[in-house]
Amino acid sequence: MSLNIIVLAKQVPDTRNVGKDAMKADGTINRAALPAIFNPEDLNALEQALRLKDANPGSTITVLTMGLPKSAEVIREAIYRGADGGIVLTDRALGGADTLATSYSLAQAVKKIGNYDIILGGRQAIDGDTAQVGPQIAEKLGIPQVTYAEEIVDLKDGKVTVKRRLEHGIETVVAPLPCVVTVNGSAADCRPRNAKRLMKYKYAVSPSEKASLPEEKQALVDGRPYLQINEWGADFVEADPQQIGFPGSPTKVKTVENVVFTAKEARHLEGADDAGIEDLIKELITNHTIG
Amino acid sequence: MADKNNLIVYCELDEGRVADVSLELLTKGRQLADRLGVKLEALVIGSDLKGIEDQIFPYGADVVYKVDDKRLYPYTSLPHSSVLINLFKEIEPQIALMGATCIGRDLGPRVSSALHSGLTADCTSLEIGDHTDAKTKKDYKDLLYQIRPAFGGNIVATIVNPECRPQMATVREGVMKKEIYNPDHKGVVVDLDPAKYVKDEDFVVDIIDRQIAKSKVNIKGAPIVVAGGYGVGSKENFQLLFDLAQTLGAEVGASRAAVDAGFIEHERQIGQTGVTVRPKLYIACGISGQIQHIAGMQESSIIISINNDPNAPINAIADYVITGNMEDVVPKLIKYYKKNSK
């Protein structure tokens, strides 16, 4: 059975590796210094999609992302790894969206794609860590959700069997298609780029990106439809202006503060200072912290 | 006009017990409800719920709603979502709180989407306060401040939901303190008819296998925590931390980097995406001190940092800094403890 698979992906700043160079003199984060990466758990989701495609020849994987026009980078990356194509949902009107407005916008794009069997995405994105968009899209589409997926065990007869990783164990569920499955970081890693695909799709670009290519490359893209990454706006997916972007977001950020920890006056010891370490242990025993 | 609608806590069940995270939220919920002058309500959905209210009332709930049906345990997304969506339309709570667990983080977003209400995940603090919209200049009284780290823990944001109700938030286990409000406190039990809140069509996802282990790890309640970071270097080196923990009667914790590197299981992760701990002694071994980790242990009474980098960020919040390799220092701690104890 060939499947129509949608993978939700997000381009995120790499918040996991905030190195010293990313800190400004005042202790705040220099966001521009953080590289934009493929959200890690979305790669785990892509791998599950690719496995479904391997097992069901003729299936197609469409990657959907919402963000700035440069988010086409994640679609290209997914194509190099085996996805068939993708859509960048990008529009100034979508800016300032919270998870609910984001889910609504993405659900509208999913409806526009239409005729899907399964929607896969990472459990959460590392810039927000909310894990809300997957279940909210499922609700907007009126379909079931399976979160914290570690492995798609089986897909047949209109049903998908999924192993979920919970706090204290594993649960296996069977859900009817179509449904949304959000994939955990504990799932299999995504396969690397395929060298042949990298060659073939090197010039896969969105219309915004195409505009900055030299003319002969533009002509090349025009002649090869498989190199065209779609770019959709809010009107194209028939989004209600009241439900997108800042106006469509029930949550508002009141204040944002940089985290600054008050430094304490610490007592310093060297690892080789046995007497000092013994004194410390004695002190902790005396004041009943240990023992 | 201040909102006089109530505050509700979704109580998660674990083998017939109300989960700790829910009791922690009831404790926080009681404080917030008192501040607002409203009732604290609790909702329990599951099967064989007879007497479950006895676990909830001591934490200060005024009302316990129960939805009892054998198909409602273990948790599945759609039936529990339907109960919350239908009940919230009826009783219109101003605030709804749930655990930031695999259940709460599955349920919360689905409910918030259906009700078009704002939801803030993984709050580390909840307060009541006023708000003035920067654009419209409209004033709002007594909103729920949903305070959470963002951007990998590098910033803390205060989120409000000015217009939409309920104001929803999830909180991780161990972040709020669990405290008995009054052991003799009693409230009202309201048994809800499952058929009125859940449709048969909601039961479309079947659980065919469940292998849930009783948690062996209790870092949240441990008086002493020995935690390892990426600097521990290997799974084998973590054994040293277990040796120290056994000597001191401590639990072993870890930073996200150590968990991601596969040195140790996720259950032991401390920090913004793990548990929050407040032990009397925290021994950090080979932990550099990413903000997301510090957020989960900074309230420890005494912090010892063992690191070969004298400039490790965690040293800034430590009481004692031992500069050296943890492979050398940890055995010394064991040796001198054994020598000097009793």
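Two strands are taken to pair if DSSP finds at least two bridges between them; helices (H or I, at least four residues) and strands (E, at least two) are themselves DSSP runs, numbered from the N terminus. In the predicted model described here, G169(A) stands opposite I212(B) in β13(B). The two strands concerned, β9(A) and β13 (residues 206–212) of chain B, pair in the antiparallel sense over six bridges. Because the model is predicted, local features need pLDDT of at least 70 and side-chain atom pairs count only at pLDDT 80 or more, whereas totals for chains, interfaces and linings use all residues. Residues are numbered from 1 along each chain as its sequence is written, and chains are lettered from A and ligands numbered from 1 in the order in which they are written.

Between the chains, 65 residues of chain A are in contact with 74 residues of chain B, a contact being a pair of C-beta atoms, placed from the backbone, that lie within 7 Å. Elements that each supply at least two residues of the side of chain A touching chain B include α3 (99–113), β9 (169–176) and α8 (274–286). That side comprises 30 nonpolar, 18 polar and 17 charged residues, where Ala, Val, Leu, Ile, Met, Phe, Trp, Tyr, Cys and Pro count as nonpolar, Asp, Glu, Lys and Arg as charged, and the others, Gly among them, as polar.

Chain A contains eight helices and 13 strands, and its C-alpha atoms fill a box of roughly 75 × 45 × 45 Å along the principal axes. Of its 291 residues, 48% count as buried; a residue is buried if 20 or more other C-beta atoms lie within 10 Å of its own, exposed if 12 or fewer, and partly exposed in between. Leaving aside neighbours within four places in sequence, V110(A) is in contact with I6(A), L64(A), Y116(A), I119(A), I137(A) and L141(A).

Chain B is divided into domain 1 (7–123 + 160–202) and domain 2 (224–340), with bounds from an automatic or database domain assignment. The centres of the two domains, taken over C-alpha atoms, are separated by 35 Å. Strand β6 (residues 95–99) of chain B has five of its five residues buried, with I95(B), L97(B) and G99(B) on one side and A96(B) and M98(B) on the other. Strand β6(B) runs parallel to β1 (residues 7–11) of chain B, joined by three bridges, and to β11 (residues 167–171) of chain B, joined by five bridges. I95(B) is the bridge partner of L7(B) and also stands opposite Q167(B) in β11(B).

In helix α1(B), 12 of the 17 residues are buried, among them V21(B), L25(B) and L36(B). Just after this helix, G37(B) takes a positive phi of about 70 degrees. D133(B), in the loop between β8 (125–132) and β9 (139–150) of chain B, counts as partly exposed because 14 C-beta neighbours lie inside 10 Å. Beyond four places in sequence, D133(B) is in contact with K138(B) and P162(B). The C-alpha atoms of D133(B) and P162(B) are separated by 8.3 Å, although the residues are 29 apart along the chain.

Definitions and conventions: Two residues are in contact if their C-beta atoms, placed from the backbone, lie within 7 Å.
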